[in-house]
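The following exercises are to be worked with the sequence and the structure in view. Each task is followed by a solution in steps.

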Amino acid sequence: MKKLFVSILTMLMLVSWSDGDNVTENNNHTSISSEWKEINPKEIDVNAVKMFADDWMILSAGKESDMNMMTIAWGGLGELWSKPVITVYVSTSRYTYKYMEENEYFTVTSFPKEYNDKLIYLGTVSGRNEDKVKGSGLTTEFTELGNPIYKEANLAIECKKIYSHQFDKDKIPAGQRQWYDNSKTGLHVMYVGEIVHVWKK
Ligand SMILES: Cc1cc2nc3c(=O)[nH]c(=O)nc-3n(C[C@H](O)[C@H](O)[C@H](O)COP(=O)(O)O)c2cc1C
């Protein structure tokens, strides 16, 4: 009887220790700077239309050993399948497209106005031709999941890809279809990412 009691007690202690470990693992993002404060997706208090269309954001995918990033103005924040999500649109002609396809996660970061020149650089130069991390002068930090965010950013959203689909050319309005033909930009792929972490400064 005493033996059984000791075994049950040991099992309970093991379960409670392992729960404790998980809590630490989920909340202790030691790899990013302590200036970041983790918030709930519902606490993102920005105008999403303005954040994308006027201020732009940086979309990044990959890991420390191999990553790429680019400026985006097309996107949205909301909910899908009862999950908080961010949606971004990446043309197949972007080098970042390869990283979006090959990686399970991506991040979206926004920056104070004084970094506008960096966003213009990241939106006009391709990672195919140069090292954009170096060229931008931004400081990368890597989340516990190994995804890139930037020390200079003021909002960082880490997402897990849960859906992607390329635009169907026949369903694009005539004017925009013409734009694709003229610019020879590859059709965009819509990526929906479940928001798994949000940090703000
Ligand atoms: C303000 C701005 C917004 C942009 N928004 C998008 C976008 O939403 N989707 C996209 O595919 N390209 C967008 N681009 C274009 C890419 O950022 C650009 O082609 C970039 O150089 C691609 O880099 P990469 O080849 O290293 O991926 C935008 C560019 C700028 C300047």
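## Overall organisation

Residues 24 or more positions apart make up 70% of the contacts in the chain with a separation of 6 or more, a contact being a pair of residues whose C-beta atoms, placed from the backbone, lie within 7 Å. The model is predicted: local features need pLDDT of at least 70, side-chain atom pairs count only at pLDDT 80 or more, and totals for chains, interfaces and linings use all residues. Residues are numbered from 1 along each chain as its sequence is written.

**Exercise 1.** State how many helices and strands the chain has, and what share of its residues count as buried.

*Solution.* Step 1: the chain has 6 helices and 10 strands, taken as DSSP runs numbered from the N terminus (helices H or I, at least four residues; strands E, at least two). Step 2: 28% of the 201 residues count as buried. A residue is buried if 20 or more other C-beta atoms lie within 10 Å of its own, exposed if 12 or fewer, and partly exposed in between, with C-beta atoms placed from the backbone.

## Core and strands

**Exercise 2.** Identify the residues with the most contacts inside the largest nonpolar core, and list what they touch.

*Solution.* Step 1: the largest nonpolar core has 37 residues, and Leu 59 and Ile 157 have the most contacts inside it. Such a core is a set of buried Ala, Val, Leu, Ile, Met, Phe, Trp, Tyr and Cys residues joined through C-beta atoms within 7 Å. Step 2: strand β10 (residues 188-200) gives the most to this core, with 5 residues. Step 3: Leu 59 belongs to strand β2 and is buried, with 28 other C-beta atoms within 10 Å. Beyond four places in sequence, Leu 59 touches Met 69, Met 70, Ile 72, Val 88, Thr 96, Phe 106 and Val 108. Step 4: with neighbours within four places in sequence left aside, Ile 157 contacts Ile 86, Thr 107, Val 108, Ile 195 and Val 198.

**Exercise 3.** Is strand β6 largely enclosed or largely open, and which strands pair with it?

*Solution.* Step 1: β6 (residues 105-110) has 5 of its 6 residues buried, so the rest of the structure largely encloses it. Step 2: strands pair if DSSP finds at least two bridges between them. β6 runs antiparallel to β2 (residues 57-63), joined by 3 bridges, with Thr 107 as the bridge partner of Ser 60. Step 3: 6 bridges link β6 to β9 (residues 155-166), also in the antiparallel sense; here Tyr 105 stands opposite Lys 160.

## Helices and ligand

**Exercise 4.** Contrast the burial of helices α3 and α6.

*Solution.* Step 1: Thr 96, Tyr 99 and Met 100 of α3 are buried. Viewed down the axis of α3, these residues fall within an arc of 100 degrees, so they line one face of the helix; the arc is that of the directions from the helix axis to the C-beta atoms. Step 2: their cover includes β2, β3, β5, β6 and β10.

**Exercise 5.** Describe the shell around the ligand.

*Solution.* Step 1: 22 residues surround the ligand, the closest being Trp 74, Tyr 95, Thr 96, Gly 123 and Ser 126; a residue counts as near if its C-beta atom, placed from the backbone, lies within 6 Å. Step 2: β3 (66-72), β5 (83-91) and α3 (95-102) each supply at least two residues of the shell, and β3 gives the most, with 4.

Methods:
Contact = placed C-beta atoms within 7 Å.
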